[in-house]
Amino acid sequence: MLLTITTTHTPATDLGYLLVKNPTRVQSFELAFGQAHVFYPEADATRCTVALLLDVDPVGLVRGRGGAGGEGGLLRQYVNDRPYVASSFMSVALASVFKSAMAGQSKERPELAQTPIPLEARLAVLPCRGGDDLLRRLFEPLGYEVTAEPLPLDERRPEQGASPYFTVTLRAACRLADLLTHLYVLIPVLDDEKHYWVGEDELEKLLRRGEGWLPAHPEREMIVRRYLRRRSSLVREAIARLAEGEAAEETEAAPSPEEAVEKAVRLHEQRLAAVVEALKATGARRVLDLGCGEGALLRLLLEDHAFERVVGLDVSYRALENAHDRLRLDRMSPLERERIELLHGALTYRDARLSGYDAAAVVEVIEHLDPARLAAFERVLFECARPGAVVLTTPNAEYNVKWPRLSAGRFRHPDHRFEWSRREFQEWTTAVAARFGYHASVSPVGPEDPEVGAPTQMAVFRMGGAP
Ligand code: SAH
């Protein structure tokens with residue numbers, strides 16, 4: 001499995017500085033799945049090519065990882081295309097062997113690392129399930145000139161036709177870091193067969209690596225879907241967060257690369273931070289997270305020992321399973337494990353397990369409820385569970401105009417049943433608080449626009465009259 005990257009920037013041998021790999025030497029690196037070798041087939045002042053050769057050990061893969069890639073049965077575990085084609089192994093190798101270059105860092109040539117230079121990447125065998133049309137749809141919007149030569153199934157029997165493999169050349173004038181990052185994300189997308197478990201870390205990685213280009217990519221949904229191997233809950237979260245990131249970007253002046261990195265505190269995180277702060281301000285020790293999803297808030301709550309007991313509830317069993325994995329409940333100490341519980345249940349049915357808590361968080365959940373079931377939810381929460389405080393967030397529908405890809409009248413998420421304006425949310429909050437004997441206040445979360453407000457709105461309900 002071979003990748004070469006060529007530059008004609010002069011002096012071309014500066015490529016060695018950018019990659020922190022000396023052009024006069026062959027270097028080898030041990031990776032979990034085999035070895036990576038880096039060498040330079042050509043290196044002079046006008047043209048320099050680096051080669052990354054992967055030597056994947058298919059037997060070691062199976063032995064070492066308890067059946068990686070084993071979906072197709074035993075034989076397929078040993079006899080498959082993995083050693084020969086560019087796949088997510090290539091991504092893993094790129095990220096470890098060219099780590100600083102991918103991050104856009106270079107001690108010796110810091111400016112060059114930030115400068116677009118003529119680059120050509122060639123992948124000897126790229127599986128492209130979806131044909132070369134897919135290849136173009138992925139790389140051309142990023143400014144690459146794409147050449148793809150289909151490889152025959154069998155060179156000696158051309159009548160058998162083409163294989164799903166291509167030799168691919170990508171040309172662009174871009175930063176080396178961008179080329180490496182695009183390859184890192186898009187090779188597994190083309191291959192569509194990732195070799196390892198896709199968990200939350202993968203989602204974080206994708207959002208981080210996709211910063212600055214993925215939100216605006218016309219095929220972003222397909223990229224996310226395939227990158228995350230169609231794990232639907234992760235895919236939905238990724239798409240929603242990309243959209244929010246894009247909306248947040250809109251309200252800021254064009255960020256420099258450093259600012260873009262700092263902006264990693266995305267709206268999602270801001271929202272969770274605001275919820276944690278509001279819960280803490282109520283002095284709550286025993287808290288519920290209703291509609292906890294995959295447990296992002298639960299994790300923050302567990303980190304803070306002000307919260308003695310943390311209980312997540314969700315209607316989706318799948319989401320709870322993922323929360324269980326993401327929070328690594330199996331590996332917690334018994335004492336920690338006692339602090340947390342996950343419950344399967346629906347917020348539209350009375351549930352005695354929810355009584356006796358100081359506070360409940362309901363983060364981005366009510367808009368998923370059928371409006372006809374909203375009254376049931378109100379009674380289940382404020383009358384039956386009746387926590388001392390409720391911290392509830394929902395999208396501000398007015399802010400949707402800041403999201404250029406969202407056509408008018410559409411919701412942010414396909415599963416949303418409604419989205420409220422600021423006035424609608426304020427009216428609902430006031431009415432619910434009055435009906436159930438709570439005091440409530442509403443505040444914005446996220447970057448505030450003078451006309452349409454902030455992307456998220458948050459209500460804090462406290463039992464009794466005074467705030
Ligand atoms: N609070 C999480 C997840 C928000 S997505 C976060 O902010 O990241 C909405 C969640 O509400 C989903 O996990 C969905 O399964 C859950 N949900 C939707 N309807 C529900 C209901 N009737 N009862 C309980 N959970 C529900």
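These legends describe close-up views of a predicted model.

**View 1. Overall content of the predicted model.** The protein has 467 residues, of which 52% are buried. Its secondary structure consists of 18 helices and 14 strands. Among contacts with a separation of 6 or more, 72% join residues 24 or more positions apart.

**View 2. Helix 7 against helix 8.** Helix 7 spans residues 131-139 and helix 8 spans residues 176-191. Their axes come within 11 Å and cross at roughly 155°. An angle over 145 degrees counts as roughly antiparallel, and helix 7 and helix 8 are therefore roughly antiparallel to each other. The crossing of the two helices is right-handed. Helix 7 contributes Leu 134, Leu 135, Leu 138 and Phe 139, which meet Leu 183, Leu 186, Val 189 and Leu 190 of helix 8. By class, this contact of helix 7 with helix 8 has eight nonpolar residues, no polar residues and no charged residues.

**View 3. Helix 8 against helix 10.** Helix 10 (residues 220-227) packs on helix 8 at an angle of about 75°, and the two axes are 8 Å apart. Angles of 65 to 115 degrees count as roughly perpendicular, so helix 8 and helix 10 are placed in that class. On the helix 8 side the contact is made by Tyr 184, Val 185, Leu 186, Pro 188, Val 189 and Leu 190. On the helix 10 side, Met 222, Ile 223, Arg 226 and Tyr 227 take part. The residues of the contact of helix 8 with helix 10 divide into nine nonpolar, no polar and one charged.

**View 4. Helix 4 within the structure.** Helix 4 covers residues 88-97. Eight of its 10 residues are buried, so helix 4 is largely enclosed by the rest of the structure. The buried residues of helix 4 are Ser 88, Phe 89, Met 90, Ser 91, Ala 93, Leu 94, Ala 95 and Val 97.

View 5. Asn 396 is found in the loop between strand 12 (389-395) and helix 18 (422-436). The residue is buried, with a relative accessible area of 1%. A polar atom of the Asn 396 side chain lies 3.0 Å from the backbone nitrogen of Glu 398. The side chain of Asn 396 also reaches the backbone oxygen of Val 452, at 2.8 Å.

**View 6. Glu 237 in helix 11.** Glu 237 belongs to helix 11 (residues 232-251). With a relative accessibility of 16%, Glu 237 counts as buried. Not counting residues up to four places away in sequence, Glu 237 touches Leu 203, His 268 and Arg 326. Gly 293 is 56 residues from Glu 237 along the chain, and the C-alpha atoms of the two are separated by 9.8 Å.

View 7. Most residues other than glycine have a negative phi, and most peptide bonds are trans. The peptide bond from Thr 10 to Pro 11 is cis, with omega near -10°. Pro 11 is found in the loop between strand 1 (2-7) and helix 1 (14-19). Val 20, in the loop between helix 1 and strand 2 (27-31), has a positive phi, near 55°. Val 20 is exposed, with a relative accessible area of 52%. Glu 364 has a positive phi of about 55° and is in the loop between strand 11 (359-363) and helix 17 (374-385). Glu 364 is buried, with a relative accessible area of 15%.

Methods:
Residues are numbered from 1 along each chain as its sequence is written. This is a predicted model: local features need pLDDT of at least 70, side-chain atom pairs count only at pLDDT 80 or more; totals for chains, interfaces and linings use all residues. Side-chain values use heavy atoms; hydrogens and water are left out. Helices (H or I, at least four residues) and strands (E, at least two) are DSSP runs, numbered from the N terminus. Buried means under 20% relative accessible area, exposed over 50%, partly exposed in between (1.4 Å probe, protein chains only). A polar contact is a pair of N or O atoms within 3.5 Å; within protein, one must be able to donate a hydrogen and the other to accept it, and residues adjacent in sequence count only if both atoms are side-chain atoms. Axes are lines fitted to C-alpha atoms, for helices over the stretch in contact, and angles run from 0 to 180 degrees between N-to-C directions. Angles under 35 degrees count as roughly parallel, over 145 as roughly antiparallel, 65 to 115 as roughly perpendicular and the rest as oblique. A crossing is left-handed if the near helix is turned anticlockwise from the far one by less than a right angle, and right-handed if clockwise. Contact means heavy atoms within 4.5 Å. Ala, Val, Leu, Ile, Met, Phe, Trp, Tyr, Cys and Pro count as nonpolar, Asp, Glu, Lys and Arg as charged, and the others, Gly among them, as polar.
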